[in-house]
Amino acid sequence: GLPRSTNAAGPWATFTTVAADATTYKDLYGHVDGLLSDQTYHYRIAASNAVGLSGWSVSATVATPQPPVLIAALGPRMLELAATATDGTLPFFVSAERIGWMRGVLDAAVPAGRARPVIATALAVAVGDDEAARAAARAWMKPYARAENYQRSLAAQGFGPHDWEPPYSDRLVDAMVAWGSPEQVRERIAEYHAAGADHVAILPLAADGADSSMATVEALAPTT
């Protein structure tokens with residue numbers, strides 16, 4: 001067995017076994033039965049056979065990293081706070097063009113010696129023709145388009161009430177939702193990365209606007 005402990009002196013808990021010829025082992029950071037962040041772990045191992053158990057090895061010590069701290073930011077002041085006091089930002093309901101502007105604000109504000117701020121965003125995606133995909137997009141964006149904070153953000157992005165009031169303009173839909181064939185959707189995701197996003201999570205839309213469609217995920221999954 002392979003035991004680990006958060007204390008060099010124990011107590012030790014055996015959590016797995018490894019093959020006799022194994023020379024490495026990767027523990028599962030963040031797994032329900034695995035490791036916690038910002039924690040030091042100690043490992044030791046012994047060999048066993050029909051005769052019995054060998055002595056324990058010298059323990060190995062590993063420290064897991066502290067998770068990054070990101071804040072939601074849409075405007076310049078919050079972006080500057082993200083750059084100076086946190087590891088980055090989680091913008092939402094923004095266009096790829098706006099991501100490019102955010103990247104510029106963050107990079108200009110980050111103090112010397114700090115890592116480049118992370119941009120982790122989420123993008124709604126719909127696979128299908130223009131009529132069906134835009135219908136799904138309009139159903140999805142209802143709660144966001146009517147929120148005052150997102151309306152202020154949309155205004156800063158060059159949109160107006162004629163865009164964010166129902167039934168929502170095609171221009172707004174096309175800027176906020178990646179839709180079309182799987183190849184076209186992947187191209188739109190790539191635009192966000194090219195604009196400066198480090199991570200782009202997808203919100204896979206169903207026909208009714210629900211953002212948990214496995215059919216959409218499967219359509220976008222690589223075929224090989």
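## Contact between H1 and H2

In this predicted model, helix H1 meets helix H2 through two sets of residues. On the H1 side these are Pro 76, Leu 79, Glu 80, Ala 82, Ala 83 and Thr 84; on the H2 side they are Trp 101, Met 102, Val 105, Leu 106 and Ala 109. Sorted by class, the contact of H1 with H2 has nine nonpolar residues, one polar residue and one charged residue.

Two packed helices are described by the angle between their axes and the distance between the axes. Helix H1 covers residues 76-85. The axes of H1 and H2 come within 8 Å and cross at roughly 50 degrees. The crossing of H1 and H2 is right-handed.

## Contact between H2 and H7

Helix H2, which covers residues 96-109, also packs with helix H7, which covers residues 182-195. The axes of H2 and H7 come within 8 Å and cross at roughly 15 degrees. Angles under 35 degrees count as roughly parallel, and H2 and H7 are therefore roughly parallel to each other. The crossing of H2 and H7 is right-handed.

The residues of H2 in this contact are Ala 96, Ile 99, Gly 100 and Arg 103. They meet Glu 191, Tyr 192 and Ala 195 in H7. By class, the contact of H2 with H7 has four nonpolar residues, one polar residue and two charged residues.

## The four-stranded sheet

Four strands form an open sheet, and their order across the sheet is S2-S1-S3-S4. The pairing in this sheet is antiparallel. The edges are formed by strand S2 (13-16) and strand S4 (60-63), each of which pairs on one side only. Neighbouring strands of the sheet are turned against each other by 35 degrees on average, with direction ignored.

One of the pairings joins strand S3, residues 40-43, to S4. These two strands run antiparallel and are joined by four bridges. Within this pairing, Tyr 43 has Ala 60 in S4 as its bridge partner.

Most residues other than glycine have a negative phi, and most peptide bonds are trans. Some places in this model depart from that pattern, as described below.

A cis peptide bond joins Gly 10 and Pro 11, with omega at about 5 degrees. Pro 11 lies in the loop between strand S1 (2-5) and S2. Another cis peptide bond joins Pro 166 and Pro 167, with omega at about 10 degrees. Pro 167 is placed in the loop between helix H5 (161-164) and helix H6 (170-176).

Asp 38 is not a glycine, yet it has a positive phi of about 55 degrees. Asp 38 is located in the loop between S2 and S3. Phe 93, which is likewise not a glycine, has a positive phi of about 60 degrees. The loop that holds Phe 93 runs between strand S6 (88-89) and H2.

## Overall form

The protein contains eight helices and nine strands. Its radius of gyration is 24 Å, well over the 17 Å that the globule rule gives for 224 residues, so the protein is more spread out than a compact globule. Taken along the principal axes, the C-alpha atoms of the protein fill a box of roughly 80 × 45 × 25 Å.

Methods:
Residues are numbered from 1 along each chain as its sequence is written. This is a predicted model: local features need pLDDT of at least 70, side-chain atom pairs count only at pLDDT 80 or more; totals for chains, interfaces and linings use all residues. Side-chain values use heavy atoms; hydrogens and water are left out. Axes are lines fitted to C-alpha atoms, for helices over the stretch in contact, and angles run from 0 to 180 degrees between N-to-C directions. Angles under 35 degrees count as roughly parallel, over 145 as roughly antiparallel, 65 to 115 as roughly perpendicular and the rest as oblique. A crossing is left-handed if the near helix is turned anticlockwise from the far one by less than a right angle, and right-handed if clockwise. Contact means heavy atoms within 4.5 Å. Ala, Val, Leu, Ile, Met, Phe, Trp, Tyr, Cys and Pro count as nonpolar, Asp, Glu, Lys and Arg as charged, and the others, Gly among them, as polar. Two strands pair if DSSP finds at least two bridges between them. The radius of gyration is taken over C-alpha atoms; the globule rule is 2.2 Å times the number of residues to the power 0.38.
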